[in-house]
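Here is a short report for a first look at this structure. Start with one residue, then step back to the whole chain.

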Amino acid sequence: MSISAAMASVFVPFALAAPAQAQTAGDSEAARSEAIILRPLSFFRVQDLEFGDFVPGATGGVVRVLPNGTRTATGSITLVGANHQPARFAGLGTFNRQVDISVSANSIQLTGPGAPMTLSQFEIGSTPTAILTTTPLRFRIASTTGIFNFPIGGRLAVNANQAAGTYAGTFVITLNYL
């Protein structure tokens with residue numbers, strides 16, 4: 001059974017935001033609430049991969065978000081804040097069942113106001129971690145309940161003097177329950 005309905009969006013907002021305005025008496029805000037009901041042999045996206053805020057430099061570089069949530073930068077990139085996170089997926093299978101996991105493309109382009117940036121090296125938070133590609137990796141569901149979750153990190157190549165703004169793209173994770 002192949003399932004590829006779970007997609008993750010990638011956001012790279014590295015323009016600094018204006019300070020929030022103070023709320024006055026009588027203001028109100030709305031909040032979302034949702035529930036997800038799983039059927040056997042399914043999975044869904046829990047959260048998107050976000051590289052967070054950073055300042056690109058004259059030589060560009062790489063921003064990497066690891067599956068454990070750590071973020072690093074190379075080259076002339078300065079990391080700002082802590083608003084980054086790996087993508088996270090969860091699902092329901094059966095104990096000891098084998099699952100093949102793959103990504104729809106080995107790299108994708110994030111687009112925004114400037115030149116596209118390349119996201120690659122999708123890293124799954126398994127033990128040990130592994131790079132996901134279009135060639136499926138086989139895992140076994142170890143939880144006796146059949147419930148599983150896994151994070152996905154990635155490597156973002158940032159161009160020299162990348163234009164400020166929000167960049168986005170989408171990648172698809174496919175699970176084949178064997």
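## Ala73

Ala73 counts as partly exposed because its relative accessibility is 30%. Partly exposed lies between buried, under 20% relative accessible area, and exposed, over 50% (1.4 Å probe, protein chains only). Ala73 sits in strand E7, residues 71-73. Strands (E, at least two residues) and helices (H or I, at least four) are DSSP runs, numbered from the N terminus.

Leaving out residues up to four places away in sequence, Ala73 touches Val62, Val63 and Leu79. Contact means heavy atoms within 4.5 Å.

## Model and numbering

This is a predicted model: local features need pLDDT of at least 70, side-chain atom pairs count only at pLDDT 80 or more, and totals for chains, interfaces and linings use all residues. Residues are numbered from 1 along each chain as its sequence is written, and side-chain values use heavy atoms, without hydrogens and water.

## The chain

The chain has 16 strands and zero helices. Of its 178 residues, 39% are buried. Among contacts with a separation of 6 or more, 77% join residues 24 or more positions apart.

## The core

The largest nonpolar core holds 31 residues. Such a core is a set of buried Ala, Val, Leu, Ile, Met, Phe, Trp, Tyr and Cys residues joined through side-chain atoms within 4.5 Å. Those with the most contacts inside this core include Leu119, Phe150 and Phe171. Strands that each supply at least two of its residues include E12 (117-124), E15 (147-158) and E16 (166-177).
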